[in-house]
Amino acid sequence: MNEKEEKSYLIVGLGRFGTALCEKLASLGQNVIGVDDAAAPVAEIADKISVAAQMDVTDEASLIKIGAKEVDVAVVTIGEAVEPSVLCTSLLVELGVPTVIARASNRLHARVLERVGAHKVISPEYDMGARIGEALVYPWYSSFTRIGGSDFVIGKIPPLPEMIGRSMAELKFSQKYKVIVILMEYDGKQHIPDPMRPIEEGDMLWVQGTVDGIDALIGRDS
């Protein structure tokens, strides 16, 4: 397995989200700088990452001193404190950090972060709530992956009984089921879909489609 390219990350804010992000990046062999304006979270993570520092995250000189201008990615995880979040994000953009990701606590906060130049704005609490909501309505959803912010998802399903012994060409698969088969698994391997090969029991189909399309497909087997 190829080693992952090591990058430098600055994580601003060491609450639960920021701390978890620091620990995961460090475990993946990345160079991590974690900063917070409180001493306790800094002390707690100091021995797990490259650099941990207590500082005023809205002070440009302090950001430069900690190495903000040299990092590849900065993530501002401050959520509830809107003013420090916006000020820090703006400073990091002005300092020329290649990628600045900022966490928003609400839609207005997100719009402000976008206006000050954040390259990406995330709302993990909102995203998790939305995902749980969809999983409650669509029991199959937790095993699928959403493509970006679109309505399309990708996941793996067994073939329906009506598919067994018939090829995708014979079934007119995409036209009939409103989803696309992007990969097939059989004989212990993954294969590019062969439209002429009969689908067998035990095969697994990697499908892509809208949430409603996948739900309609899976619902045919109920």
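This is a dialogue about reading several features of the predicted model shown above.

Visitor: Which domains does the protein have, and how far apart are their C-alpha centres?

Guide: Domain bounds come from an automatic or database domain assignment. Here that assignment gives domain 1 (8-125) and domain 2 (134-219), with C-alpha centres that lie 39 Å apart.

Visitor: How many disulfides does the structure hold?

Guide: A disulfide is a pair of cysteine sulfur atoms within 2.5 Å, and the structure holds zero of them. The cysteine sulfur closest to that of Cys22 belongs to Cys88 and is 13 Å away, which is too far for a bond. Cys88 is likewise in no disulfide, its nearest cysteine sulfur being that of Cys22.

Visitor: Is Cys22 buried or exposed?

Guide: Buried means under 20% relative accessible area, exposed means over 50%, and partly exposed lies in between, using a 1.4 Å probe and protein chains only. Cys22 is buried, with a relative accessible area of 0%, and Cys88 is buried with a value of 0%.

Visitor: How many salt bridges are there?

Guide: Side chains of opposite charge can pair when their charged atoms come close. A salt bridge is a side-chain nitrogen of Lys or Arg within 4 Å of a carboxyl oxygen of Asp or Glu, and by this rule the count is eight. One of them joins Arg146 and Asp151, with the closest N and O atoms 3.9 Å apart; Arg146 is partly exposed at 24% relative accessible area, and Asp151 is partly exposed at 38%.

Visitor: Which strands hold Lys156 and Glu185?

Guide: Strands (E, at least two residues) and helices (H or I, at least four) are DSSP runs, numbered from the N terminus. The side chains of Lys156 and Glu185 form a salt bridge with an N to O distance of 3.6 Å, and this pair links distant parts of the chain, Lys156 in strand β8 (residues 152-157) and Glu185 in strand β9 (residues 180-186), 29 residues apart. Lys156 is partly exposed, at 35% relative accessibility, whereas Glu185 is buried, at 19%.

Visitor: Which residues are joined with Arg197 into one network?

Guide: Arg197 and Asp203 meet in a salt bridge at 2.8 Å, N to O, and both of these residues are buried. Salt bridges with shared partners join Arg197, Glu200 and Asp203 into one network.

Visitor: Which residues of helix α9 are buried, and where do they lie around the axis?

Guide: An α-helix has 3.6 residues a turn, so residues three or four places apart point the same way. In helix α9 (residues 211-219) the buried residues are Val211, Gly213, Ile214 and Leu217. These residues lie on the same side of α9, because they cover an arc of only 165 degrees around the axis, where the arc is that of the directions from the helix axis to the C-beta atoms.

Visitor: What do the buried residues of α9 pack against?

Guide: Contact means heavy atoms within 4.5 Å, and the buried residues of α9 pack against β7 (145-146), β8, α8 (173-177) and β11 (204-210).

Key: Residues are numbered from 1 along each chain as its sequence is written. This is a predicted model: local features need pLDDT of at least 70, side-chain atom pairs count only at pLDDT 80 or more; totals for chains, interfaces and linings use all residues. Side-chain values use heavy atoms; hydrogens and water are left out.
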